Amino acid sequence: MVQVRGAMGLWAERYREKWRWDRVVWGSHAVDCYPGGCPWYVFVRDGRVVREEQAGTLPQIEAGVPDMNPMGCQKGACWSHLLYAPERVTRPLKRAGERGEGKWEEISWDQALTEIADHILDAMTEQGPESVIWLGTPEIGAIPARAAATYLGHVTTDGNAEFQDMSPGYYLTWGVFNPVASMDDWFHARLILIWHANPVYTNIHWYHFIAEARYNGGEVITIAPDYSPSAIHADYHIPVRIGTDAALALAMCKVIIDEGLYDRRFVQEQTDLPLLVRRDNGRFLRQADMADGGREDQFYWWDAKAQIPVPAPLTTLALGDVEPALEGTYRVRLKDGTEVEVEPVFQRLCRRLEDYQPEKAAQICEVRPELIRMVARKVATRPTKIFSGWNPGKHYHGDLMERSMALLLALTGNWGKKGTGTRSWAVGGSTAWFLLPLLEKADPAEAREVYRRLIEALETVRSFDPTLTREMALIRVQQELGMADPRTPGRMVPPAFLWYYHFGYKERWNRREWHDPSMKRSFDEYFQEALEKGWWDSGWARVWQQVEPRVLIEAGGNVLRRQRGGQELLLKHAWPKLKCIVSIDYRINTTGLYADYILPAAQHYEKVGFSMPSIHHLTTVLADRAVPPLDQAKSDWEIAILLLEKVEERARQRGIKEVTNRAGQAISLEGLAERATLGGAIRDEDARMDLILRSDAAIGILSGDASLAKLRQVGHMRWRRLGLLGHGPSQAADIRPHETFSPFRWHVEDKLPYATLTRRAQFYIDHEWFLEAGEELPCHKEVPPMGGNYPFRLTSGHNRWSIHSMNQTNKIILNTHRGEPFAFINNRDAEAKGIKNGDYIRIYNDCGSMIIQAKVSPAVRPGQIIVYNGWEPYTHRRWYSESDLEPGMVKWLHLAGGYGHLRYRLLHWQPIPVDRAITVDVEKVSP
Amino acid sequence: MSERQLAWVIDLNKCLGCQACTLACKTHWTTDVGTEHQWWLIVNTLPGQGHPRGWQEMGGGYRDGEPLPGRLPKREEWGQAWDFNYQEVLEGGKGQQVHLLPFNPDGSHPSWGPNWEEDLGAGEYPNAYFFYLPHLCHHCSRPSCLDACPRDAIYKRPQDGLVLIDEERCNGCRLCVEACPYKRIYFNPIAEICQKCIGCYPRIEQGVAPACVRQCPGRAVWVGFLDDEEGAVYKLVRKWQVALPLLPHLGTQPNVYYVPPLSPPPIGEDGEAQWGQGRIPMEYLRRLFGPQVDQALATLQAEREKARSGQTSELMRILIAYRFQELLGPFTVNPSQLQRPVGQNPTLT
Amino acid sequence: MKSLTLYKVDLPLENVPDPQADVWARAVEVVVPLSATPLEAQTSAYVRSVWRGRPYGLTPYVAVRAFHGDGWVAFRLSWPCPAKSDRLTDDDAFLDAACLLFASSNDTPIAMGSAERPVEGWLWRADWPRPRLVRAQGPGTSLREEVASLRASAVWERGHWIVSLAGPRRAEGFIAIAIWQGAHQERAGIKAYSPSWLSLSWEGGSE
């Protein structure tokens with residue numbers, strides 16, 4: 001303690017008095033924030049939360065690598081202001097006017113639950129349980145509310161489509177979309193390409209690892225159309241033309257191959273580039289081509305030593321004695337005796353890359369050829385990470401961009417090692433959280449038993465095909481489970497089909513002129529073919545032909561803010577079909593304003609839970625209850641149980657015992673709450689949390705002494721392993737206690753195959769549709785004119801001041817920017833349009849129009865308009881936001897299925913609307 | 001002069017402009033009536049007019065030892081605390097006829113705020129440039145505010161050199177606001193006193209680092225005593241001389257030091273990078289940080305080069321700050337370990 | 001030394017403050033010339049330097065009248081003030097104000113007394129409902145206190161303030177006056193003041 005001499009007088013005591021508290025509680029923000037999981041101290045005084053401060057207690061993991069403290073951001077630093085904010089809701093509200101009008105009647109919990117339960121029962125009996133739709137939003141603190149959906153057999157929409165965060169190109173390549181390194185692993189990178197990301201806004205809590213990597217001898221290059229806030233600390237900014245990143249990446253690949261800088265061994269071993277492709281039909285050479293009864297998923301190398309085609313092993317990536325050729329054209333004899341020419345994918349790739357010779361690519365991406373060469377050489381010669389966010393996946397051809405970026409990493413051996421790879425989002429750990437619905441009693445030993453049975457089931461699957469890795473077996477199980485028991489952990493359905501039939505997207509997606517010209521047939525033809533072939537049956541795609549949505553429940557989310565395609569589309573098409581819309585939230589958001597009922601939930605400091613269990617920090621972080629819920633607010637878990645009890649009660653009164661879903665399963669309406677609470681044992685949220693933690697300990701995720709009491713002492717606990725549920729297995733790596741975490745080590749070190757069709761990082765997709773589109777290999781395609789023929793491109797990204805719309809109306813934060821939405825426009829463009837900084841402008845296209853304040857900046861690329869997302873629609877004039885300008889197109893190829901890893905499973909491959917680089921124009925409007 | 005001097009070092013190459021320090025400060029000290037518009041610490045995008053708008057042109061400080069005249073910013077130039085029409089939008093029954101908007105206390109629409117020019121920057125595409133500058137009271141060794149106060153209400157604590165305003169003595173005459181060349185003192189129109197950063201002395205006294213330091217997720221801020229030769233602050237300021245005072249020519253001997261910003265090279269007419277130089281004009285940086293800025297940036301680059309070639313660099317090691325505690329100087333106490341019950345202060349009634 | 005005669009009137013204190021009341025016509029008016037508080041007397045080094053050559057203390061004189069009654073005393077001050085400033089409209093706004101300082105002897109330092117000779121005064125400000133009591137022991141030391149027993153009433157017309165101040169009868173025999181014109185950013189030591197004490201001459205019942 002520092003000794004301070006001398007008193008300063010009475011006034012000085014007042015400030016000392018301000019910094020006092022009665023209690024300090026571990027808190028965190030159980031929201032959809034990646035990686036989230038920041039441990040905070042929450043200070044309670046006179047029964048109110050007065051402040052919070054980062055705990056700063058995370059341990060240093062690896063010697064010589066900075067620790068993760070003080071993990072947190074400005075939003076977390078004033079989260080308590082949301083507790084007592086004007087947008088807080090603490091009593092059940094029932095709509096008293098038109099939807100969206102903002103007229104409310106305060107009603108009792110009993111009335112609210114009774115009316116909602118009746119709506120649910122009406123829908124379940126008239127349309128089936130599928131007609132009650134819970135939106136799969138990821139606010140982790142609100143997820144317990146969706147327990148009700150599990151027991152009632154309702155539908156939960158797939159989160160990754162719902163929040164439109166997906167990396168289709170990575171998925172095509174690796175069979176997973178989200179390999180994630182721990183935050184501190186960024187320190188090991190020698191070159192960081194910030195590409196399609198703006199971590200200065202979006203990763204405030206761990207950006208320091210990038211800054212520190214720079215001081216550790218690393219370099220940072222930011223690739224973005226605008227001189228983004230994440231470019232200012234870079235060693236170089238590459239001002240790429242919007243939507244041409246694939247061309248840039250492929251040009252670098254071209255340089256690396258031409259200059260012989262590629263990692264030949266890595267390419268041979270880890271990728272499909274040595275696999276043989278038939279020249280006659282562009283398809284991989286398969287065992288089924290070579291022999292009767294041959295496997296469709298057995299592929300071949302050309303062994304340069306023996307000069308024969310050799311089956312690429314299914315069970316290992318190890319090359320053995322084989323020297324797979326990367327070049328050359330060879331002849332092989334098929335089972336019918338004919339001979340065909342085959343060549344390695346690599347050779348086809350080299351031909352394709354002829355189009356991306358740097359001078360040619362420069363014409364596309366407007367990056368100087370010398371610069372392309374320079375960056376390519378750097379990538380090839382040092383541990384490189386690509387800090388890509390969700391941005392490419394929100395581009396129409398984002399898959400091509402990501403495949404090209406992954407190719408760049410593949411050629412240079414840049415994954416599966418420290419300081420390499422890409423970035424994404426992944427939840428893992430806390431496996432017991434997913435297992436709760438499968439338990440019969442509140443006993444950690446039972447959780448361990450259920451987990452053991454799951455592993456057993458995987459072994460059973462593997463016994464049918466011993467070539468499967470455990471990860472592949474797990475994926476098989478997940479893919480098969482779509483139609484099965486509604487209690488399947490985290491069961492969800494891809495919402496694209498619901499949207500197509502009921503949310504007004506059919507017309508949008510069939511706007512031919514807004515698609516890529518390489519789409520040979522109409523969208524509907526592809527759509528129908530995909531359905532007819534049953535590619536999406538496990539995702540209940542066809543159910544929506546028969547079922548009309550009746551009840552929509554949004555817990556902790558804000559679909560009218562979120563939905564690409566815009567609130568107007570939903571209000572016009574979906575809302576009239578919905579007899580009952582419920583918002584379960586601690587605040588009134590735009591969806592709440594358009595709901596029939598708002599059920600007041602506890603805020604994150606008023607309930608017990610944990611924040612996003614993210615691979616980024618591999619830690620379970622307690623979000624404890626610092627104060628009881630305000631007024632009549634209730635925890636999400638309690639709301640779920642009350643709703644189940646009420647449905648049960650009303651069903652009994654109405655004489656409804658069970659309903660049957662479209663899979664023919666009976667859903668009993670008796671003993672719902674009894675089952676959900678394991679006989680009442682976990683009705684209390686503390687007991688539920690304690691069971692989760694003890695079960696995670698029993699499973700071996702957390703150390704053996706894990707419990708709620710223990711976590712309340714220490715605040716956070718590091719995982720020991722990732723577990724089999726969530727995105728744990730996607731990482732294909734083990735946690736090492738004293739090292740940074742790098743995914744894909746099982747592949748790179750242990751030579752375990754990838755969960756793709758070819759069991760290798762797959763750059764060649766010989767699905768018929770991909771061949772038809774010319775996208776069997778990565779390439780560049782121009783962004784289609786989504787929105788019409790207008791000169792500007794509207795881009796976006798997460799903003800600095802909110803987690804989606806949460807905090808976007810936090811008064812204290814609003815005061816740190818302009819307090820209202822704005823669009824960035826280049827100063828020259830603005831001048832040409834007569835627009836000055838602070839003027840109001842109209843941004844419009846064939847889809848819609850919005851009015852917004854202009855911020856004029858030379859950091860914006862000419863022809864670009866940036867509107868960072870997250871603004872509540874109700875902060876916009878007439879509530880029209882940039883979403884209303886976004887057609888919400890999906891790329892037809894993302895309906896492809898029936899092909900290796902191109903099948904639906906929870907939180908993975910599925911069509912997801914895009915929003916980046918839509919076409920718009922702007923004009924000045926009078927204020 | 002005080003016996004010891006606390007100083008802050010802020011690495012502008014680590015600062016993200018996230019305002020976590022701003023909010024940490026705000027939630028600690030300026031939530032009461034009359035202080036809503038006060039941001040004792042704010043991060044602004046430079047180049048820019050800042051907060052208050054155009055503060056660099058408002059005078060104050062010294063030239064050749066003589067005080068320079070300053071002028072008082074108007075409320076509009078500061079930016080006022082906005083309120084919003086939540087009630088009207090959320091439960092007013094007006095639907096889409098109304099939307100959430102900020103209002104000044106007089107009901108007018110804001111034309112300025114504490115961070116109005118966020119991410120605007122200067123230059124021309126593709127050579128736009130900007131950086132973030134966290135701005136708090138500099139706790140100067142020659143505080144012009146102290147010299148200006150006619151009532152001896154401002155003093156410098158001998159034990160740590162914090163410059164504090166005695167709010168009992170202060171009559172709100174605002175001469176200190178005029179005299180401060182950094183315009184880091186606010187007027188509280190309700191209490192009619194002047195207020196500013198207190199260096200988090202209640203925390204310091206308990207061995208806890210100031211909120212802006214301990215809550216900076218960018219790990220961009222160090223605090224410590226300038227005479228502690230083993231401390232990071234001393235090493236960055238005195239030994240390596242990469243941390244520089246802001247507007248040193250104004251003569252107040254400020255104690256907030258900035259590691260000046262590196263920046264990507266500009267792109268020439270021919271489209272090629274002009275390696276070896278940053279895109280932020282050196283003239284601009286010299287105006288902000290004085291002529292030493294050239295050497296400071298050269299030192300940073302040279303030490304980065306050493307790290308790149310695998311050599312160890314003490315400077316890089318300090319700037320990395322492997323352990324969070326390295327940023328906190330001697331103030332490493334964890335606040336949760338303190339018992340600070342309310343109402344236990346006998347001197348307050 | 002000028003002297004101010006205070007007649008006794010038979011009025012309750014509550015009726016006193018109206019500065020336009022007829023009763024004031026019966027009081028003797030003394031016009032006190034004012035001058036700017038000299039730079040060398042300024043306690044702010046900043047003011048000493050920056051206000052050099054800049055006009056301040058712009059009020060040329062104050063006209064003073066006084067009464068006393070049963071346990072009370074009232075003063076009426078009027079002075080030219082071309083631009084009224086009676087609201088704190090902005091952060092650079094200052095308020096018109098006047099201070100009436102009492103001293104027991106005329107060798108009390110007129111700049112707010114000294115440690116040995118502390119002074120008290122009544123401070124009127126254009127936006128306050130009532131004056132405040134000030135206590136000082138030298139320049140820059142004044143402390144303000146709200147006291148219920150002080151009252152004031154003021155009008156501004158035709159470029160002049162007319163202010164009446166009343167409170168409990170004072171024992172001191174001397175007064176001094178300071179005037180601040182807010183529109184000219186006058187505050188603290190930047191003011192006009194009476195360079196010498198004005199002695200009080202109590203008529204009709206000195207107590």
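## Ground rules and overall fold

Helices (H or I, at least four residues) and strands (E, at least two) are DSSP runs here, numbered from the N terminus. On that count, chain A comes to 33 helices and 30 strands. Its radius of gyration, taken over C-alpha atoms, is 27 Å, close to the 30 Å that the globule rule (2.2 Å times the number of residues to the power 0.38) gives for 927 residues, so chain A is as compact as a globular protein of that length. Along the principal axes, the C-alpha atoms of chain A fill a box of roughly 80 × 65 × 60 Å.

A quick word on conventions: this is a predicted model, where local features need pLDDT of at least 70, side-chain atom pairs count only at pLDDT 80 or more, and totals for chains, interfaces and linings use all residues. Residues are numbered from 1 along each chain as its sequence is written, while chains are lettered from A and ligands numbered from 1 in the order in which they are written.

Call a residue buried if 20 or more other C-beta atoms lie within 10 Å of its own, exposed if 12 or fewer, and partly exposed in between, with C-beta atoms placed from the backbone. Two residues are in contact if their C-beta atoms, placed from the backbone, lie within 7 Å. Of the contacts in chain A with a separation of 6 or more, 74% are between residues 24 or more positions apart.

## Helix 8, boxed in

Helix 8 of chain A (residues 208-215) has eight of its eight residues buried, so it is largely enclosed by the rest of the structure. Among them are A:Phe209 and A:Tyr215, but also A:Glu212 and A:Arg214. The cover comes from two chains: it includes strand 8 (191-195), helix 7 (199-202) and strand 9 (219-223) of chain A, plus helix 10 and helix 11 of chain B. After helix 8 of chain A comes A:Gly217, with a positive phi near 100°.

Strands pair if DSSP finds at least two bridges between them. Seven strands of chain A make an open, mixed sheet in the order 5-4-19-18-17-6-7. Strand 5 (104-106) and strand 7 (155-156) of chain A sit at the edges with a single partner strand each, so one side of each has no neighbour in the sheet.

Within chain A, strand 17 (residues 551-555) and strand 18 (residues 580-585) run parallel and are joined by five bridges. One pairing to look for is A:Leu552 with A:Ile581 of strand 18.

Towards chain C, 21 residues of chain B contact 16 residues of chain C. Helix 4 of chain B gives the largest share of the chain B side, three residues.
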